[in-house]
Amino acid sequence: MAQVQIFIKKSIWESDFLFPATIWLLSRLFIWAAMLLIAPNLPKPVEGILPSFGLGVFDGWDSLHYRAIATSGYEFINDGRQHNVAFFPLFPLMVRGVMDLGLPFQVAGLLVNNIAFLAALYCVYFWVCEHHGTSKARWTTTVLAWCPLSLFGTVIYTEGLYLFLSAAALRAFDRHQYRWTALWGAMATATRPTGIALIPAFLIAAWKERRPRAAYLAAAATAIGLLVFSLYCAIDFGDAIAFINAQKGWRPSFGFDGQGWWKMLSEIALGRLDTQQSWIHRLLHPLLFSIIVSSGCLLWRHQQKLSSVTKIYGFYAVVTFSLILVNDRYITNLLNAVMVLGGAYILWHLRKELTSVTVFYGFCGIALLLASGGTISLSRLAYGIVPLSVAFGVFLERYPRQAYLILGWFSVLLARVAIGFAQDRWVG
């Protein structure tokens, strides 16, 4: 009996067909438990609500806009306020299609996003496996599924669908399947504004690798999703760039927000500046931050020379405890910095190992985020740039002991983000 159980466990973890589904199911069960079982039984937060058991915990923030689009259509007036035309159409159209089968909005939205996220894990797994081997593919899939921002692959958001479509387009380009590149790419640009970054990425990669004319045509065809939406806006609202003008309700101006970045990074290192705090409280945060960063760098640099693992695990325990205690604003700022700056560093570090289109799309996507104005939702939008997860996965595969501990941090943050969303608090 024991041999049968061992065989079943090995077959699950060694099967290319079962591994992505298993990682998806385990990570989703973790999120569902946090949102449906833990959050309703916690005390009511100062900011937010006390959720109840039900599908309502998955339906909040941007989900409200997708509900309005799926049930009532788009609305827009160029008055600088928030209008739902800022949200691209493919996801609410697919949700509406499922609703036409007789299902309510919440069920339809959850089905579309969760199934698409599962498809994204499979697509990324086989894509990475083709270029980097099975071990790196498993780590990449695990990173994608257990990243704290993977919550948005479960709630009624576009992350699951966009990750699948963009990954499918990138994989098709690497396989020289240009018709599929155009199809998946066009659908991606109809799903999220960041899909626009696929176009220059395909063009630059085609030029660098001296691809045939079909590669350039596929890159151009990727814009069809965006152009069709623009045509709709021109016909319905008399404004072909209504989806851009509607962004003013969330981002008053475009361009790099240097002041916002400086404030965010300062709060990570120094804490929030509060004149009512004593000098001891003001000094404590930067002191702890300096100790954690310096000790982490020393442990990573000299890990092979340490005879005892006590110091390493002690350091990880301190950081884990800190992640549990810090406030939501700090977690949001930290995720923003790690996803954008950390992702860019690792992408550059592995630029010669990853495929050209992976690297170019990663940097084009980051550049688009930095130029979008503001720092709101940066971590979630960066999570949608699949090359960052690929780079993280390939990198962590080299350091398995540290990688497992980092997955522990991921789990702590994923639980916090999931509970926060269920409590209707801003988490990204």
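**Close-up views of a predicted model**

View 1. I156 lies in the loop that runs between helix 6 (134–146) and helix 7, where helices are DSSP runs of H or I with at least four residues, strands are DSSP runs of E with at least two, and both are numbered from the N terminus. This is a predicted model, in which local features need pLDDT of at least 70 and side-chain atom pairs count only at pLDDT 80 or more, while totals for chains, interfaces and linings use all residues. Residues are numbered from 1 along each chain as its sequence is written, and side-chain values use heavy atoms, with hydrogens and water left out. With a relative accessible area of 0%, I156 is buried; buried means under 20% relative accessible area, exposed means over 50%, and partly exposed lies in between, with a 1.4 Å probe and protein chains only. Leaving aside residues up to four places away in sequence, I156 touches F58, D59, S63, Y66, F91, F105, Q106, G109 and L110, a contact being heavy atoms within 4.5 Å. I156 and R67 are 89 residues apart in sequence, yet their C-alpha atoms are 9.2 Å apart in space.

View 2. Helix 7 covers residues 159–174, and its 16 residues reach 22 Å from the first C-alpha to the last, close to the 22 Å expected at 1.5 Å a residue; the expected span is 1.5 Å times one less than the number of residues. Because 16 of the 16 residues of helix 7 are buried, this helix is largely enclosed by the rest of the structure. Just after helix 7, H176 takes a positive phi of about 60°.

**View 3. R380 in helix 18.** R380 has its place in helix 18, which comprises residues 378–383, and R380 is buried, with a relative accessible area of 7%. The side chain of R380 makes a polar contact with the side chain of E159 at 3.2 Å, where a polar contact is a pair of N or O atoms within 3.5 Å and, within protein, one atom must be able to donate a hydrogen and the other to accept it, residues adjacent in sequence counting only if both atoms are side-chain atoms. Among the other residues that R380 touches are D62, R192 and G428.

**View 4. Two cysteines, C129 and C147.** C129 is partly exposed at 22% relative accessibility, whereas C147 is buried at 5%. The structure holds zero disulfides, a disulfide being a pair of cysteine sulfur atoms within 2.5 Å.
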